[in-house]
Amino acid sequence: MTHLYYMRRALRLAGRGRTSPNPMVGAVVVKDGTIVGEGYHPKAGEPHAEVFALRRAGSAARAAVMYVTLEPCCHHGRTPPCTDAIVEAGIAEVHAAMADPDPEVSGRGLLDLARRGVKTHVGLCEDEARDLNAAYIKHRSTGYPLVVLKSAMSLDGRIATRTGDSKWITNEKARAYAHRLRWKADAIVVGANTARIDDPRLTARIGSRSYHPLRVVVTESCDLPTNLTLLKPELGTVIATCDSADRERRVKLEEAGARIITLSKVGRGPSIAELMRELGAMGCLSVLIEGGGEIAAAALAERVVDRVAFFYAPIVIGGRDAIPAVGGCGVDSVASAIRIQAASRKRFGDNYVVEGTVVYPDQTP
């Protein structure tokens with residue numbers, strides 16, 4: 001087996017955890033060409049991947065090689081430093097896919113290991129490691145979450161009919177994939193119209209497993225029914241609004257269990273960029289914006305969207321009063337349109353999703 005094989009195995013292991021606000025990390029310990037221990041970080045507060053791998057390796061870890069998808073930590077957080085565990089286990093060599101962008105680590109982990117006699121390498125499968133932890137990297141580098149804009153639409157770009165009906169535009173397989181996107185998100189953002197009309201639960205469901213991300217409703221007026229499903233106190237809901245919102249309505253929503261965040265007004269509603277800053281400060285590494293068209297337009301206009309996931313079904317809704325996937329005024333010319341880079345497509349029967357990275361007009365692809 002090669003170095004590449006072991007690191008890619010560590011990367012596959014890393015993807016098993018739901019670790020936010022920590023990064024996803026996998027580790028593999030190899031002795032004389034044989035894997036003697038491996039592990040991944042399952043969730044925040046539990047031991048890191050390196051510790052699980054060392055426990056499984058036991059005494060075989062002495063003079064072995066470790067492959068880990070992120071630089072080992074060297075500071076005390078919820079758990080002790082992984083560098084201490086690596087040195088104490090007798091690991092001779094560490095291959096890290098990438099350095100940790102967290103200012104508390106940022107090269108110090110590898111330096112600590114090197115100073116204590118462990119041979120270190122960094123950069124193997126770095127692109128794959130950075131993609132795996134894109135949300136963590138952005139949050140640690142900027143304080144903002146990684147933002148994905150998701151929309152399910154007809155071939156003519158409509159997310160609902162003129163009456164607001166949208167169930168179901170896409171098929172069951174496409175919706176199951178959308179739940180996987182929710183599973184990766186710390187928060188899901190919708191607009192007031194989506195909340196009122198659909199009353200969504202905004203849960204992530206994969207098979208028998210379910211997960212409850214933070215729910216966020218963006219509304220200028222706070223004109224929302226207090227009996228909405230997503231306002232149940234145990235679910236955790238944030239209402240993002242403006243100073244101009246009716247105070248009595250705000251109070252009623254708070255009494256119903258919501259947390260109110262007051263933001264500056266941009267255009268016709270609360271600033272989506274300010275909302276993302278607030279969510280980042282709350283520890284959200286990743287945010288999924290699900291709807292509707294005006295929220296999508298505002299998020300793109302304020303340049304907070306990093307990636308898109310646009311689902312298409314082979315239907316035509318038509319009508320000027322039907323709801324578009326992206327509302328607002330639009331651009332003045334094709335040259336000023338937002339581009340989607342490295343777009344990929346997955347099929348779900350006769351439905352498909354286009355995913356890619358957002359490139360704004362004055363950015364270099």
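Among contacts in the protein between residues at least 6 apart in sequence, what percentage join residues at least 24 apart? The figure is 69%. Welcome to this structure, which is a predicted model. The protein holds eleven helices and 20 strands, and 49% of its 365 residues are buried. Here is a short tour, from the overall form to one helix inside it.

**Overall form**

- For 365 residues, a compact globule would have a radius of gyration near 21 Å, and the protein's 23 Å agrees with this.
- Taken along the principal axes, the box filled by the C-alpha atoms is roughly 70 × 45 × 45 Å.

**Surface and charge**

- The protein has an accessible surface of about 17,600 Å², and carbon and sulfur atoms account for 48% of that area.
- Its side chains include 48 positive and 41 negative ones, and the centres of these two sets are 5 Å apart.

**The nonpolar cores**

- In soluble globular proteins, nonpolar side chains tend to be buried together.
- Here, the largest nonpolar core contains 38 residues.
- The residues with the most contacts inside this core are Val29, Leu54, Met66, Val68, Ile86, Ile91 and Val94.
- At least two residues of this core come from each of the helices α1 (3–14), α2 (49–57), α4 (108–115) and α6 (134–142), and likewise from each of the strands β1 (26–31), β3 (65–68) and β4 (93–96).
- The element that gives the most to this core is α1, with five residues.
- Another core, of 32 residues, lies apart from this one, and among its members are Ile159, Val287, Val305 and Val358.

**A closer look at Ile91**

- Leaving aside residues up to four places away in sequence, Ile91 touches Val29, Leu54, Ala61, Ala64, Met66, Ile86 and Val118.
- Among these partners, Val29, Leu54, Met66 and Ile86 are also listed with Ile91 as residues with the most contacts inside the largest core.

- Is α2 largely enclosed or largely open? Seven of its nine residues are buried, so α2 is largely enclosed by the rest of the structure.
- The buried residues of α2 are Ala49, Glu50, Val51, Phe52, Ala53, Leu54 and Ala57.
- These buried residues pack against the strands β1, β2 (34–40) and β3, and also against the helix α3 (82–89).
- After α2 comes Gly58, which has a positive phi, near 60 degrees.

How values were computed: Residues are numbered from 1 along each chain as its sequence is written. This is a predicted model: local features need pLDDT of at least 70, side-chain atom pairs count only at pLDDT 80 or more; totals for chains, interfaces and linings use all residues. Side-chain values use heavy atoms; hydrogens and water are left out. A nonpolar core is a set of buried Ala, Val, Leu, Ile, Met, Phe, Trp, Tyr and Cys residues joined through side-chain atoms within 4.5 Å. Buried means under 20% relative accessible area, exposed over 50%, partly exposed in between (1.4 Å probe, protein chains only). Helices (H or I, at least four residues) and strands (E, at least two) are DSSP runs, numbered from the N terminus. Contact means heavy atoms within 4.5 Å. The radius of gyration is taken over C-alpha atoms; the globule rule is 2.2 Å times the number of residues to the power 0.38. Accessible areas come from the Shrake-Rupley method with a 1.4 Å probe; for residues, only the protein chains shown count as cover. Lys and Arg count as positive and Asp and Glu as negative; His and the chain ends are not counted. The place of a charge is taken as NZ of Lys, CZ of Arg, CG of Asp or CD of Glu.
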